[in-house]
Amino acid sequence: MIEHKRVKKVLFGGDYNPEQWPEEIWKEDMRLFKLARIDVVTLNVFSWAALQPDETTYDFTKLDKIMDMVQENGLKVCLATSTAAHPAWMARKYPDILRTEQNGMARRFGARHNSCPNSPTYRKYASALAEKLALRYGSRENVVAWHVSNEFGGACYCPNCQKAFRVWLRKKYKTIDELNRVWNTGFWSHTFYDWDDVVLPDLRSEEFGVDGRLRTNFQGISLDYRRFNSDSILDCYKMERDVLRRITPHIPVTTNLMGCYQSLDYHKWGREMDFISWDSYPSFGADYCQNAMAHTVMRGLKEGKPFALMEQTPGVSNWHTYCALKRPGVMRLYSYQALAHGSDTVMFFQMRRSIGACEKYHSAVIDHAGHENTRVFREVTALGRELETLGDQTLGTRVQAKAALIFDWDNWWASSLSAGPSDAIDYLGEVSAYFRALHTMHLGVDIVGVDADLSGYSLVVAPMLYMCKDGFDEKLRRFVREGGTLVSSYFSGYVEDHDLVITGGYPGRLRDILGIWVEESDALPPEGAGLRHTFTYQGKQYPAEILCDLMHLEGARALGSYDNDFYAGMPAVTCNDFGKGRAYYVATRSEEALYQALFARIAGECGLEPLVEASNQVEATLRAGDKGRFLFLLNHADSVSPVKLRRGGEDLLGGKTWADGDVVELGPKDVALLRLN
Amino acid sequence: MIEHKRVKKVLFGGDYNPEQWPEEIWKEDMRLFKLARIDVVTLNVFSWAALQPDETTYDFTKLDKIMDMVQENGLKVCLATSTAAHPAWMARKYPDILRTEQNGMARRFGARHNSCPNSPTYRKYASALAEKLALRYGSRENVVAWHVSNEFGGACYCPNCQKAFRVWLRKKYKTIDELNRVWNTGFWSHTFYDWDDVVLPDLRSEEFGVDGRLRTNFQGISLDYRRFNSDSILDCYKMERDVLRRITPHIPVTTNLMGCYQSLDYHKWGREMDFISWDSYPSFGADYCQNAMAHTVMRGLKEGKPFALMEQTPGVSNWHTYCALKRPGVMRLYSYQALAHGSDTVMFFQMRRSIGACEKYHSAVIDHAGHENTRVFREVTALGRELETLGDQTLGTRVQAKAALIFDWDNWWASSLSAGPSDAIDYLGEVSAYFRALHTMHLGVDIVGVDADLSGYSLVVAPMLYMCKDGFDEKLRRFVREGGTLVSSYFSGYVEDHDLVITGGYPGRLRDILGIWVEESDALPPEGAGLRHTFTYQGKQYPAEILCDLMHLEGARALGSYDNDFYAGMPAVTCNDFGKGRAYYVATRSEEALYQALFARIAGECGLEPLVEASNQVEATLRAGDKGRFLFLLNHADSVSPVKLRRGGEDLLGGKTWADGDVVELGPKDVALLRLN
Amino acid sequence: MIEHKRVKKVLFGGDYNPEQWPEEIWKEDMRLFKLARIDVVTLNVFSWAALQPDETTYDFTKLDKIMDMVQENGLKVCLATSTAAHPAWMARKYPDILRTEQNGMARRFGARHNSCPNSPTYRKYASALAEKLALRYGSRENVVAWHVSNEFGGACYCPNCQKAFRVWLRKKYKTIDELNRVWNTGFWSHTFYDWDDVVLPDLRSEEFGVDGRLRTNFQGISLDYRRFNSDSILDCYKMERDVLRRITPHIPVTTNLMGCYQSLDYHKWGREMDFISWDSYPSFGADYCQNAMAHTVMRGLKEGKPFALMEQTPGVSNWHTYCALKRPGVMRLYSYQALAHGSDTVMFFQMRRSIGACEKYHSAVIDHAGHENTRVFREVTALGRELETLGDQTLGTRVQAKAALIFDWDNWWASSLSAGPSDAIDYLGEVSAYFRALHTMHLGVDIVGVDADLSGYSLVVAPMLYMCKDGFDEKLRRFVREGGTLVSSYFSGYVEDHDLVITGGYPGRLRDILGIWVEESDALPPEGAGLRHTFTYQGKQYPAEILCDLMHLEGARALGSYDNDFYAGMPAVTCNDFGKGRAYYVATRSEEALYQALFARIAGECGLEPLVEASNQVEATLRAGDKGRFLFLLNHADSVSPVKLRRGGEDLLGGKTWADGDVVELGPKDVALLRLN
């Protein structure tokens with residue numbers, strides 16, 4: 001949908017499964033799609049069993065009919081390859097296609113995302129199907145994107161994966177001695193003498209559960225397994241992509257990601273995708289910043305290039321514990337939130353609600369009632385008309401930000417696998433806290449990986465940079481030395497790429513940049529060990545939680561210090577002048593007020609300016625490009641929120657025009673989209 | 001015990017395991033039984049290993065002795081077939097007899113209820129043993145009932161069950177196309193091309209646990225597995241029953257059920273049993289209505305025919321988390337509760353407390369102390385004397401009720417397997433709430449299945465009728481049209497027999513009867529999403545919980561409407577005139593006060609009258625028959641409760657005689673049993 | 001370390017793993033050890049893979065170097081045999097060495113303590129390694145102890161263990177009839193006809209989990225499995241010990257135990273060890289009495305002989321949920337606590353912090369920083385100097401106590417396996433409550449097993465003596481008859497050695513001694529069933545929790561009685577004069593105030609005198625021997641605690657001298673060690 005000549009507006013549509021319905025329904029669907037201004041459908045997501053009834057037969061009769069129908073009705077197609085769930089006969093005949101669970105339980109046919117990524121059977125038949133689809137439908141003009149498989153994920157612990165893991169390790173480490181070194185196998189008598197000694201780290205070997213949290217005895221092997229598993233699944237994607245590219249080089253290829261999904265290192269994935277697409281399912285009542293952060297992470301996977309909102313529910317999800325309805329206006333609000341963060345589409349799961357199996361109580365544009373007289377259909381139609389009016393104005397523009405937040409899957413894995421110092425260590429939560437502070441201050445922020453080019457930013461925030469991988473410290477050193485501002489926090493700089501501690505004093509490779517030495521860290525139980533721990537920054541007390549570093553200044557100056565316990569008076573927030581820049585360090589977890597106080601100071605120093613003046617219930621982002629500068633304003637509050645503009649412009653949705661400094665009174669759940677003067 | 005010519009009073013006794021004791025103890029048992037007026041014993045419940053030490057040997061020496069002894073002592077016998085736990089040698093030699101757990105773990109010898117229902121070994125040896133017992137003991141005059149196996153239950157996921165499941169499906173659906181239709185396998189590429197593609201739905205295939213609750217990807221297969229498993233186990237019962245009937249047609253056959261036990265569709269079971277018997281083990285401190293409801297469900301399995309209380313503890317259970325003693329008087333109270341709801345027996349587990357293994361801390365009539373000088377023995381003896389005095393007066397009479405509550409295992413299974421709209425969906429809880437309201441208002445109520453004849457009732461309550469099976473809507477339509485009153489509630493009418501949604505608008509097949517269209521349903525988190533949701537009915541506010549239907553009137557009139565959220569003002573309680581009758585609908589879960597207010601109105605309309613005027617701590621039921629009309633009054637309170645009689649009579653327990661309109665002052669935990677004038 | 005001619009002071013050191021480090025680090029270690037006055041290292045704990053790279057090769061090159069180095073540096077060695085984790089090649093080649101989990105999951109290579117105790121492979125190679133080590137290093141003068149394996153524990157459910165279990169049973173019970181008797185297999189048709197019918201009691205057979213607690217259907221087999229498993233692992237220890245003793249009879253053999261560790265019957269282990277050693281890891285914020293009790297249990301395993309503190313953390317553990325730092329002074333305080341309770345060593349895990357795998361965030365004497373300028377190193381050094389000054393003064397002295405508490409693994413296992421009367425039954429908690437009362441009253445107390453000689457004590461406390469094993473009642477009877485005082489509590493005397501109930505009335509064999517008959521016991525839910533249960537003792541009300549015995553006096557007199565429920569007025573605390581002594585009984589669980597009131601009375605009667613007058617935050621113990629009488633005073637409070645001395649003496653740490661009756665003002669976390677006049 002991105003960079004396809006036929007895409008000339010924000011695409012509006014979603015997953016459509018007519019094969020689950022009798023043909024007499026199809027005509028009615030076409031009528032309703034027109035009413036709602038639907039212009040794109042994702043087809044063929046789960047049809048493998050129908051397309052390939054046995055080993056040698058392929059049957060495209062019904063898909064041909066469907067493709068003809070949608071073409072006749074002027075709909076663009078995002079065409080899926082149907083490889084996210086294999087047919088039952090394949091599982092029966094070739095059990096190697098089935099996954100094995102972490103406890104060694106071999107799975108049988110069932111569910112979806114059920115294929116072992118290292119199964120020869122899977123690879124053979126999945127690429128064959130992709131090829132047939134490309135050959136058959138690749139020349140249709142309305143196919144605007146390939147949608148490989150669906151929500152790739154999970155993990156497998158079968159014998160094929162074990163063999164593949166050994167190959168992967170051998171390729172990475174060359175010698176068994178190097179393997180022993182990076183996994184520190186001298187510990188607990190784990191020395192390997194042969195690649196075949198290595199078994200997968202799972203509940204049968206190195207891993208175990210405590211209080212619902214997975215732990216491991218050997219961080220090195222567990223971390224490498226996660227990398228291997230992400231790579232194995234990525235190989236499946238790449239295999240199909242290569243087939244598709246070979247036959248239809250003109251059609252961009254994507255797969256729908258899942259936001260902050262821990263099992264796959266999406267930074268590696270982003271590099272292999274023609275454009276990013278993802279499925280957004282915020283929980284009812286969740287902080288809007290969570291979804292904003294997921295959008296921002298997704299955008300960062302491909303250097304800020306516009307992405308596709310591939311799925312969202314028009315009304316209700318079926319798999320939440322309590323499936324609350326999206327309140328009136330919220331579906332529209334969330335749709336614009338996607339655009340605000342860089343999406344060029346608004347797409348739903350799904351077009352018509354199924355009648356059997358586990359998603360039948362998930363909303364659809366067309367409900368079980370089957371007609372247009374529903375609240376959900378009316379809201380979809382209103383949005384469809386609005387997007388029709390909007391046209392291509394914002395298409396291809398990019399979100400603007402001078403601040404970057406570092407988010408890295410290796411860090412996420414390594415910190416959550418760590419044995420100590422605290423079960424409360426939560427990488428995603430830590431990064432989220434810093435994101436929320438910046439975003440609710442209306443400072444534009446990107447989220448990038450450690451391979452990103454930082455030169456365009458004036459502020460880089462790397463919270464809990466537990467694993468400072470080879471070279472990244474040098475990148476940060478250069479960034480600060482040349483005038484950038486860095487912010488980091490506790491549990492940073494401990495280990496290198498293989499989770500081996502950098503000896504000599506924490507935070508290891510970051511020590512000179514931050515100008516501190518962390519001697520010890522005190523883990524606090526949630527209720528604060530009977531004492532609420534605090535520190536004082538600029539005369540105000542803030543809570544200290546999770547971990548308190550006990551540190552010594554080595555060039556930095558203390559901006560705040562602990563109030564309690566035997567480390568009262570020790571520094572809690574520091575700043576180090578380094579080259580032309582500065583490096584801040586927050587030695588504990590605190591609350592939003594602290595982060596905002598700190599960023600207020602830093603923003604002043606760095607020349608970062610808020611996009612607008614408004615409460616933290618208002619989201620503001622700026623997209624810009626050849627077509628202009630577009631300010632998105634989203635009011636998540638249930639009441640009117642005033643927004644003071646820095647610069648005026650025309651509201652493309654309401655039609656009003658605002659002058660510089662005007663105050664927009666944004667209604668509850670309402671949106672404004674200003675083309676700035 | 002029911003319909004056996006030798007049964008002339010309320011049978012009093014229970015499970016007796018003399019084979020666990022040296023013979024010198026037996027004589028003492030006989031002495032103590034006489035003291036306590038014991039007149040029936042259940043023998044041979046767990047003796048398979050003793051009776052059949054190997055494949056070809058049967059040894060009845062000890063059982064002969066026991067049978068002789070109890071006969072000489074004038075005791076009637078409920079003779080069990082001992083097939084609820086197979087011998088160790090059988091498990092070692094024929095592992096097919098062992099069950100497999102949901103996660104694929106093959107069991108080994110141990111526990112009880114341990115045989116796979118589809119094991120050829122089990123079926124062969126279980127029927128052989130039943131036959132030998134029938135031939136050997138069937139002519140004894142004091143054998144008043146056969147007790148097949150014991151507390152049938154559980155489930156098995158072994159290869160034999162998988163094969164049997166395919167046979168069961170083939171028989172039910174004839175073609176694989178029909179199977180694909182009813183399971184909606186077009187979803188997620190699940191199309192089956194061969195019966196052998198089908199695997200059992202378990203943790204290896206379609207099911208998974210979330211927060212301790214089992215979920216499934218395919219409701220259809222999971223629902224059918226539950227039906228299949230219940231049928232498989234029922235087949236084991238029927239197999240033994242047929243053997244016993246063939247040899248001893250004069251002895252009625254039963255098996256002891258377990259009240260509201262989810263795994264077996266007891267309505268199907270009831271049809272195969274000569275009389276219902278069940279084991280009642282209310283928890284300490286539990287609402288007495290739970291046990292009352294279980295009694296009522298049990299009675300309803302065989303159209304109100306008197307049943308047998310087969311087991312209860314005389315003092316304490318051993319398997320509760322905290323095994324509190326039954327307080328003085330409570331054992332008597334619970335015994336009369338059984339009679340009040342239709343039992344014709346009072347029986348215990350067990351007569352003498354065992355000294356080893358897991359039930360040794362479960363009470364018995366004869367305690368470890370071994371003598372009669374215990375509180376429990378004294379209470380048992382007092383009750384034995386009372387029942388002796390009571391004689392056969394109430395025997396065979398039937399509980400009277402003009403209101404029926406619908407309870408259906410398919411609905412229970414289907415609603416709890418549903419993916420959405422809420423984890424709080426609780427079919428048993430919903431039915432219980434309506435039962436409690438009716439029962440504590442002292443309105444007689446039956447609980448029946450969807451196959452029941454409704455013509456004798458003036459009120460039918462069908463809460464959460466999620467699955468409205470083929471034909472049942474027509475039965476309800478006729479019932480209301482002809483003047484009956486129907487009450488239903490939220491999450492009703494969604495699906496047909498295979499959990500496929502009835503499209504066109506909820507509540508599907510019930511829509512015309514109820515005169516409403518439910519467009520959407522909002523699931524509320526337990527704490528009410530930050531807002532306590534309420535609705536107003538007749539000027540009073542009541543809580544709205546779990547699910548709030550957003551509905552439109554299609555003929556019905558609103559009796560109450562929501563107070564909050566974006567659906568404030570929409571109807572929450574409706575009434576539809578339909579034919580000569582009326583259909584009420586409660587669109588959310590509320591509290592007892594609402595249900596009672598509603599039933600007060602409906603009772604007036606239907607001519608239902610409370611049996612007595614008394615607090616909700618007093619239970620009242622009426623049994624009637626050729627022998628007269630008997631009013632049971634049970635005071636569950638710890639203080640005196642006044643009960644205003646509508647009609648007087650003689651108290652068969654206290655001896656007093658009461659006139660119409662008298663007020664009986666019922667002592668704490670006390671009971672009155674009036675033969676009404 | 002104990003009874004070795006070269007040990008002349010409190011040994012100070014700990015686990016040292018130089019093989020994990022390059023040799024250039026070793027020299028630095030030696031320098032730092034000298035600074036800190038380290039004089040002993042435990043070597044070779046996890047080096048099997050390094051020492052034996054394949055089936056026939058042994059390579060001691062590096063260990064030779066290490067041994068030479070530590071010898072040159074004057075360090076004593078506690079030499080481990082490295083058998084606590086087998087090599088990867090061994091697991092691959094001989095899978096019988098791997099354990100099987102309770103659910104039947106066969107383990108693969110990984111973790112530690114990973115060998116099946118009944119694996120022929122394990123036994124063959126473990127004893128071979130022990131032999132090689134003994135032959136190679138046994139003549140080195142500085143080897144002061146053998147450290148067999150490491151923290152033995154866990155359990156295995158593999159086919160080899162199943163076979164061994166049958167052999168163990170056959171040896172114990174001789175005939176299958178006797179097996180059937182003691183397991184009461186008449187229950188639930190469990191009669192065994194052949195030893196091969198017996199399968200291990202696990203999740204596949206007799207055991208199951210409810211709410212995270214393991215339950216069993218057959219207490220007898222589950223109890224015997226625990227005995228068997230403890231014996232199997234003990235056999236592994238004995239096998240290595242025998243090899244070592246044969247070659248180096250002059251070096252004492254130990255293995256590091258783990259305090260109150262449920263899986264191993266340490267009383268049986270103690271008999272096989274030359275001296276006791278153990279690893280102490282109290283949680284942050286835990287009551288100091290827990291650790292005091294563990295020390296006391298450990299001391300009691302070998303009749304009070306001094307033991308070794310083999311491991312403690314100098315700063316932080318890595319495996320707690322929240323790894324709080326040991327506050328300043330606490331490491332010293334805990335070190336003296338070990339000495340106070342009978343240790344003759346202070347040893348750490350570990351000397352240098354590892355850089356990879358799961359213990360890298362566990363403290364060490366030498367931190368990742370790698371130098372001496374850390375708080376932890378400074379505290380270690382200060383303590384090292386203090387112990388150097390102390391010399392051998394306290395070495396070999398024994399803790400003095402006239403009161404004994406009974407602690408028995410069979411009781412722990414049997415009571416926690418019991419089905420009923422309450423999930424709140426907690427043997428360790430019950431014993432701890434009595435220990436805490438005695439210990440905080442500063443009355444010396446030992447903890448001993450049922451095989452101990454009681455003749456030296458004036459008070460024996462046997463709380464919750466659920467299983468009164470054959471002969472132990474007679475030992476208690478004699479003890480009381482001859483003038484001793486016994487205290488017991490609820491849930492006592494129920495069963496004999498095989499968990500078979502002693503019929504005739506609880507508390508069975510203890511009934512005559514205690515002079516009571518317990519007719520029933522009422523289990524109370526934690527919140528007290530809506531009513532807070534209490535009893536009155538000497539005019540004061542105390543809480544009654546967990547279980548309330550309903551008992552009758554049979555010679556005893558009531559000292560207190562229940563206040564509530566239908567058993568109000570029944571005795572709750574009794575005293576029975578028996579021979580020249582007395583037997584007290586507490587019929588329920590209460591709070592510390594009750595236990596202290598009771599012990600105050602009993603102490604008066606028995607002539608027990610508190611060592612000092614001080615608050616319950618002060619710990620006081622007395623060690624005595626040829627070298628004198630030493631009073632240890634430990635202040636666990638965060639503030640100054642006054643301690644009134646009965647007898648004066650010189651403080652060996654502070655240097656001050658105190659007179660009889662003086663009040664010592666002990667600083668927060670401070671310690672005094674007085675050589676009494």
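**Exercise 1. What covers the buried residues of H15(C)?**

Solution. This is a predicted model, so keep that in mind throughout.
- Step 1: Look at the surroundings. The cover of the buried residues of H15(C) includes strands S13 (403-406), S15 (459-462), S16 (485-489), S22 (571-578) and S23 (581-586) of chain C, along with helix H16 (511-514) of chain C.
- Step 2: Count the buried residues. Helix H15 (residues 472-481) of chain C has 10 residues, and 7 of them are buried, which leaves the helix mostly covered.
- Step 3: Name them. The buried residues of H15(C) are C:Phe472, C:Asp473, C:Lys475, C:Leu476, C:Arg477, C:Phe479 and C:Val480.
- Step 4: See what comes next. After H15(C) comes C:Gly483, with a positive phi near 115°.

**Exercise 2. Why is helix H13 of chain C described as largely enclosed by the rest of the structure?**

Solution. 
- Step 1: Helix H13 covers residues 409-417 of chain C, and 8 of its 9 residues are buried, so the rest of the structure largely encloses it.
- Step 2: Find these residues in the model: C:Trp409, C:Asp410, C:Asn411, C:Trp412, C:Trp413, C:Ala414, C:Ser415 and C:Leu417.
- Step 3: Among the elements of chain C that cover them are strand S6 (213-216) and the helices H8 (219-247), H9 (266-270), H10 (288-300) and H14 (427-440).

**Exercise 3. At what angle do helices H6 and H8 of chain A pack, and which residues make the contact?**

Solution. 
- Step 1: Two numbers are needed, because a pair of packed helices is described by the angle between the axes and the distance between them.
- Step 2: For H6 (residues 159-173) and H8 (residues 219-247) of chain A, the angle is about 105° and the axes are 10 Å apart.
- Step 3: H6(A) and H8(A) are therefore roughly perpendicular, as angles from 65 to 115 degrees count as such.
- Step 4: H6(A) contributes A:Cys161, A:Ala164, A:Phe165, A:Trp168, A:Leu169, A:Lys172 and A:Tyr173, while H8(A) contributes A:Ile221, A:Asp224, A:Tyr225, A:Arg227, A:Phe228 and A:Asp231.
- Step 5: Sorted by type, the residues of this contact are 9 nonpolar and 4 charged, with no polar ones.

**Exercise 4. Are the rings of A:Trp183 and A:Phe192 stacked, tilted or edge-to-face?**

Solution. 
- Step 1: Over all chains, there are 126 aromatic pairs.
- Step 2: In this pair, the ring centres of A:Trp183 and A:Phe192 are 6.0 Å apart and the planes meet at 80°, so the pair is edge-to-face.
- Step 3: A:Trp183 is buried, at 3% relative accessibility, and A:Phe192 is buried too, at 4%.
- Step 4: Now try C:Phe491 and C:Tyr494: with centres 4.9 Å apart and planes at 55°, their rings form a tilted pair. Both C:Phe491 and C:Tyr494 are buried.

**Exercise 5. Is A:Met258 buried, partly exposed or exposed, and what does A:Met258 touch?**

Solution. 
- Step 1: Locate A:Met258 in the loop between strand S8 (256-257) and helix H9 (266-270) of chain A.
- Step 2: Its relative accessibility is 24%, so A:Met258 counts as partly exposed.
- Step 3: Leaving aside residues up to four places away in sequence, A:Met258 touches A:Glu151, A:Phe152, A:Tyr266, A:Trp278 and A:Asp279.

Note on methods
Residues are numbered from 1 along each chain as its sequence is written. Chains are lettered from A and ligands numbered from 1 in the order in which they are written. This is a predicted model: local features need pLDDT of at least 70, side-chain atom pairs count only at pLDDT 80 or more; totals for chains, interfaces and linings use all residues. Side-chain values use heavy atoms; hydrogens and water are left out. Rings of Phe, Tyr and Trp (its six-membered ring) pair if their centres lie within 6.5 Å; planes under 30 degrees apart count as stacked, over 60 as edge-to-face and the rest as tilted. Buried means under 20% relative accessible area, exposed over 50%, partly exposed in between (1.4 Å probe, protein chains only). Axes are lines fitted to C-alpha atoms, for helices over the stretch in contact, and angles run from 0 to 180 degrees between N-to-C directions. Helices (H or I, at least four residues) and strands (E, at least two) are DSSP runs, numbered from the N terminus. Angles under 35 degrees count as roughly parallel, over 145 as roughly antiparallel, 65 to 115 as roughly perpendicular and the rest as oblique. Contact means heavy atoms within 4.5 Å. Ala, Val, Leu, Ile, Met, Phe, Trp, Tyr, Cys and Pro count as nonpolar, Asp, Glu, Lys and Arg as charged, and the others, Gly among them, as polar.
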